[in-house]
Each structure stands twice: as C-alpha cells, then as structure tokens.
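Below is what I looked up, in the order I got to it.

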Amino acid sequence: MRIGRGAPNDQSMENAGGPGIDGAVKSLPEALVRQLEEHAYRLRRDVLEMVTAARSGHPGGSLSSAEIVATLFFHTMRFNPREPKWPGRDRFILSKGHAAPVLYAALARTGHFPVEELARLRKSGSHLQGHPDQTRTPGVEVSTGSLGQGFSVAQGAALAGKLDGAGYRVYVLIGDGEMNEGQIWEAALFAAHHKLDNLTGLVDVNGLQNDTFVADTLITEPIVDKWRAFGWHVLDVDGHDVRALAEALDVATETKGRPTMIVCRTVKGKGVSFMENNPEFHGKAPTPEQLAQALGELELARSRRQAGG
Amino acid sequence: MIVSERIRRLVPGAATREAYGNALIALGAEDPRIVVLDADLSVSTMTARFGGRYPDRFFNVGVCEQNLIGIAAGLAACGKIAFASSFAVFAPGRCFDQLRVVVAQPKANVKLVASHAGLITGADGKSAQALEDVALMRALHGFVVMVPADETCAFWATHAAARHVGPVYIRLGRAKAVRVYDSFDTFEIGRAVEVVEGQDVTIIANGVMVAAAIEAAEMLDVEGVRARVLDMHTVVPLDRDAVVRATTETGALVVAEEHFLAGGTGEAVARTVAEAAPAPIEFVAARDYGISGEADELLAQYHLTAADVAAAARRALDRKGRR
Ligand SMILES: Cc1ncc(C[n+]2csc(CCOP(=O)(O)OP(=O)(O)O)c2C)c(N)n1
Ligand SMILES: [Mg+2]
C-alpha cells in the first residue's frame, strides 16, 4: 500500500497557488503552508518535552530542523507508517544524528509508533535511543550519531535505487558543523560523479556546532559555492519557510543528472529565545521551568501566526 | 582488609576528564612545547580549560578527527608535544589509520587523550559508547595505553604522558569517578598498584572498575576471602611482574574492565598468565554494544558492578580449588 505524499491525516495537495520557483513546480496552497507550520510547531513542542523529560539530549539542532523535517514528513516524502519497510518508500537519513528528538517526534506524529513513547526518550530499555538506532526504532533507516557517516550511507541507498531502477528518493540531512568532516566531501564527489539525482541533501546551516559558532571554528562559507563546485545542483532557502522548503524539494525531484543540495538557513534553537544562537543548548536539556517558558513562547508565536494568517 | 596507604576510603570524586583539564593547565605552564588540539568537543573533554589559559597553543580543528591526528603528528615532528582530544568513539574510532601510519609507526610524540570512553556516557546510546578503544590502541605497536581509575590517577597519568617521549593513549570517562587515591605523585607508567593486599585471589581492574574491585574485595573479606586488588592503570606496557606475582601468590585471577572482552585488559593479562604461570581467570567485561541509560542501570545490566566482580572472584576461587 502506498500513502500519498505526506502523512495519512494530511489533506491532498492538489490546487496550485502562484508560480513556483521554476516552471514545473507549483507553489503551495496557503492552507497547506499553515498545516506544515502547525506540524513544525508540534515537533518543537515534542522535542522540548522529550529532552526535558530525558534530562539530556540536543535541543538546539532539533529545533533548527523542525520545518525541514516537518516538510519532508508531512509533505514531500512517500512512506507507509504501517509498513515502515515498504520497499518503495522514500528514505530519510538523519546524518546529524544528535537531532534524534525531532526525527522521533516526526515518526510518532506520522504514526510509526504511539506518541506516548516520546516520553521514554533515552530511558533504559526504550526504543528511542539517544541517537538514531535502526535496529530499535520503526522508521529509522540508518543508525547515526557519528557525524559524516549517514551522508555516505545515503549515497549507497541512492545508488541502490539507481541499480534497481526504483522510484524512491533519498533525503539526507546534515549539519553545517558536520560539513567539517572529510567524509562529507568524499561523498559529495561520489554523488556528483555518479549523477545521483535521486538524492536530495539538506544542510541545516544554523551557524553553530558543538563548542561554538561555525565561523569561529572553520570558515565554511561560501557554502553554496562549495557544493556547486563539487557538481551539485544547489538551492539556497530560508530553512524556517515551509513554502520555500517544499518548493525546493519539488525542484530537487525535477532536477536530472545531478544531486541537489538544499542549503537551509536556520537559527539554532529556533523558537525559544534563550536557546536561539546559544551554544549552550547544543547538547543541554532545559529545566522544567525553562520548558514552561519555552512552551509559552512557542504558543505565543503560534497564536500570532494564526492571527496574522 | 589491608589497603594501601595511598588509598582513601572510596569517596565521590571528579571525572577523570576534569583532572586531565587541570593537568594540562599545569603542564602548559611548565612546558611551552605543549600544544593542545581538540575536534569540537573541548568543553566536554576539558581541553577548553587549557584553551582559556593558553589560547595561542590551543586549536579546535573542527569535527575532523582524521585531520586532528595528522596535525598532531606534524606538530610532533617539529618539536611540539601534541595532546589531541575527542571522545573515544571518534578518536581513535575515526582515525585509526592516521594513528597507525603517522603516529605509531614513526613513534611520534603525540598524546591521544580520549574522554567519554566506556559504557557510562550518559544516555547518548551505542554510537557514543566506546567499548573497543583499548583493543584498537593495544593493537598499535609502540603506544603506551593508560586507563586511570580516578582524578588523582588521571592527573598524574597526564603528567607521565607529557614526560614520556612517544605515542601515548589515555582513556578517560565522562562520569564523576569514585576517588580511589589520596595522592599519586609516584605514578609510574607500567607499574601496577596493589591497592588491596590479599593472597586468596587477585582482582585486576582499571578505570571505573577499580572502585568496584575494592568494593568487591570488601564483600569477599566478610566471607573470609582475602582478595588482592591491582590497579592496572597501564595496559601497555603491562606490569608483567605484578601479574606473574599475583598468579603465583594467589593462584586465581579476575580481570574487570569497562570494555569489550576482545582485545581488552583481560586478554592482555591472560596472555601473560598463559605464558608465565597458568591459572584460572574470570573476566568481567562488556559483552554487547551499549544502549541509552543511567550509569547505574547500565553497569548493572552489563554485569559490571562490585557484586559481579565478587561473583567472578568466587568462580575463580572455585576453579582454583578444583585444580
Ligand atoms: C564524528 C563525530 N565527531 C564528533 C561528534 C560530536 N558532535 C556531536 S554534534 C557536534 C556538532 C555538530 O554540529 P552541526 O553539524 O552544525 O549540528 P547542529 O548545529 O545542527 O546541531 C559534534 C562535534 C560526533 N557526533 N561525531
Ligand atoms: Mg550547526
């Protein structure tokens, strides 16, 4: 069985809005944009609650990826939560595996397992391990947590899709700090050389890595030029704009002969004032008091958005 | 039970990585040749402390463990004493060939000091739990390999590493470690410490398992069994004399480590025993990849507690009696 694009509870996405960013791609209807924003809001709440309950984990890079993950799971990707190993599914690989909370939230909210299980993150015996574990969690394609590795596995998955003439696409999310790893660039060469146009990379450019800011660690910009020079088709989007993300993902699907890298400009800790751009919240859980404040801020932003929309 | 005078009653202490951070600051003042590198984990490995004090001699090379080791080797080749740090899963995990070709083979003066080793790395799960790093580093000929039990041992092991000319690996933990030593300025690479005297059975341990071994010796003492406890803080070069003496004098051994059985301290000891003085040995070690969990839960689940060590000692004694 095949679930159409996005999750079972999503409305169909026919109807075309204004012009897309290229001729073949249609702009998203306003209602769908609102829905995806609501999904991202929900993922953020889940992430914060999970990490607080676990008393450890990585909120910053989970929050920066919320719209990216929401757009993939609730709009772009085809999969069947009741049959997570359905061979025709699109594959999502979280190469920046420390952002596991946002992946688990998306998997739960798309019906891969009960939402209540999110509260068991990192607990002994839980199937929600500190980093994604393909042997334990339905919907986790590849075990990650060692940066750079998931990106290579994505090349292999895309290559297999080519060898089999399969229709699935492979999506892989990396971090801007993760781009430090040499393995990323080995894989970048491979994907372009082998014309893996069934592969879409997304890089969460939130400007921070573990210790501090990316720019104070290793100068990584110009990121777009780097991927272009490696032979990739590159799109540069606001990583918190679900419309831009959805359109870029559609453009990637239409792009033939080259892999696409979507450079997503984001804010680490997005949505929570004291986490935004704060290296401290790369790998630290909020206190229960901080959680209350954070959820309040998310709620306020949401009602403003709803009032405005 | 007779304990060495260096030993204090087991009390809560700092993590070994904290002692490393403090030792680096002390060493930095003494020796301008010391340069410290980290692969984007300096707050966790505590090299950031050195970075705060000596910013000109500290480099966060980014999330680049292979390059980390190459840079360290280059620094060493030009007269520096290069300390390189990350988590044990990533270094040596991610840079074995670099350690082999540009550090071990040329005997470069590089000190790889890896933290968050072993099972109890918080709740991060198996990708973050190094249970094979001692095996990797033992396999690299010429590396000194040390597994300090507590902050005092880690502090002096770091000093010894700086003084030793050639490649050194030090394995550190994330969690606060039980304080075993009052003082340890007599620390010597390759010289095991008899932390508890005994003649019935010997428990050889390192890292967090030293405190567990001392506790196990206390349990056995109540039963009338006098267990010797050796802190085998150096795995390479192994204190062969201490192992042979323990074997001939007590006739039964337990080796306890927070590491896989394959390639660990237990196998190093077993080889020496097999060569020099065969005796029954029981092994307390991890036997499967890790999972997320709290330290106490994990140690219990993976059979790495004092009770597990004591049970292994009883088995070893049993086998000795049957010979
Ligand atoms: C090979 C490897 N080295 C080091 C780490 C430790 N680590 C975890 S997250 C992180 C920083 C990652 O930064 P980035 O990719 O930008 O992630 P984000 O900002 O999206 O959280 C580091 C160094 C790791 N997981 N893997
Ligand atoms: Mg980042």
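These are my notes, entry by entry.

**Ground rules**

I'm working on a predicted model, where local features need pLDDT of at least 70, side-chain atom pairs count only at pLDDT 80 or more, and totals for chains, interfaces and linings use all residues. Residues are numbered from 1 along each chain as its sequence is written, while chains are lettered from A and ligands numbered from 1 in the order in which they are written.

**Chain A against chain B**

I looked up the contact between the chains, with two residues in contact if their C-beta atoms, placed from the backbone, lie within 7 Å. Chain A puts in 24 residues and chain B puts in 24 residues. On the side of chain A that touches chain B I noted three nonpolar, 16 polar and five charged residues. For the classes, Ala, Val, Leu, Ile, Met, Phe, Trp, Tyr, Cys and Pro count as nonpolar, Asp, Glu, Lys and Arg as charged, and the others, Gly among them, as polar.

**Ligand 1**

Where does ligand 1 lie? I found ligand 1 between chains A and B. Its shell takes residues whose C-beta atom, placed from the backbone, lies within 6 Å. There are 25 residues around ligand 1, and the closest are A:G61, A:L147, A:G175, A:G177 and A:E178. By class I wrote down five nonpolar, 13 polar and seven charged residues for this shell. Helix α2 (residues 59–64) of chain A gives the most to the shell, with three residues. Helices here (H or I, at least four residues) and strands (E, at least two) are DSSP runs, numbered from the N terminus.

**Domains of chain B**

Chain B splits into domain 1 (2–7 + 187–322) and domain 2 (14–181), with bounds that come from an automatic or database domain assignment. I get 25 Å between the two domain centres, taken over C-alpha atoms. In the contact between them, 35 residues of domain 1 meet 33 residues of domain 2. On the domain 1 side, α8, β13 (234–236), β14 (253–260), α10 (265–276) and α11 (295–301) each supply at least two residues. That side has 21 nonpolar, eleven polar and three charged residues.

**Nonpolar cores**

A core here is a set of buried Ala, Val, Leu, Ile, Met, Phe, Trp, Tyr and Cys residues joined through C-beta atoms within 7 Å. Buried means 20 or more other C-beta atoms within 10 Å of a residue's own, exposed means 12 or fewer, and partly exposed is in between, with C-beta atoms placed from the backbone. Which residues of the largest core touch the most other members? They are B:I203, B:A213, B:V254, B:V309 and B:A313, out of 132 residues. Helix α8 (residues 209–222) of chain B gives the most to this core, with nine residues. Domain 1 and domain 2 of chain B each put in at least three residues. A second, separate core of 81 residues includes A:L103, A:M179, A:V272 and A:A294.

**Helix α4 of chain B**

Helix α4 (residues 65–77) of chain B has 13 residues. From first C-alpha to last it reaches 19 Å, close to the 18 Å expected at 1.5 Å a residue, where the expected span is 1.5 Å times one less than the number of residues. Its buried residues include B:L68, B:I69, B:A72 and B:L75. What do the buried residues of this helix pack against? I found α6 (182–193) of chain A, together with β3 (34–38), β5 (81–87), α5 (96–104) and β6 (110–115) of chain B. Just after the helix, B:G79 takes a positive phi of about 95°.

Most residues other than glycine have a negative phi, and most peptide bonds are trans. I checked for exceptions. The peptide bond from A:E221 to A:P222 is cis, with omega near 0°, and A:P222 is in the loop between β3 (199–205) and α7 (223–229) of chain A. Another cis bond joins B:V236 and B:P237, with omega about -5°; B:P237 is in the loop between β13 and α9 (240–250) of chain B.

Phi of A:K195 is near 50°, a positive value in a non-glycine residue. A:K195 lies in the loop between α6 and β3 of chain A and is partly exposed, with 14 other C-beta atoms within 10 Å. B:H303 also has a positive phi, near 60°. I found B:H303 in the loop between α11 and α12 (306–322) of chain B, partly exposed with 15 other C-beta atoms within 10 Å.
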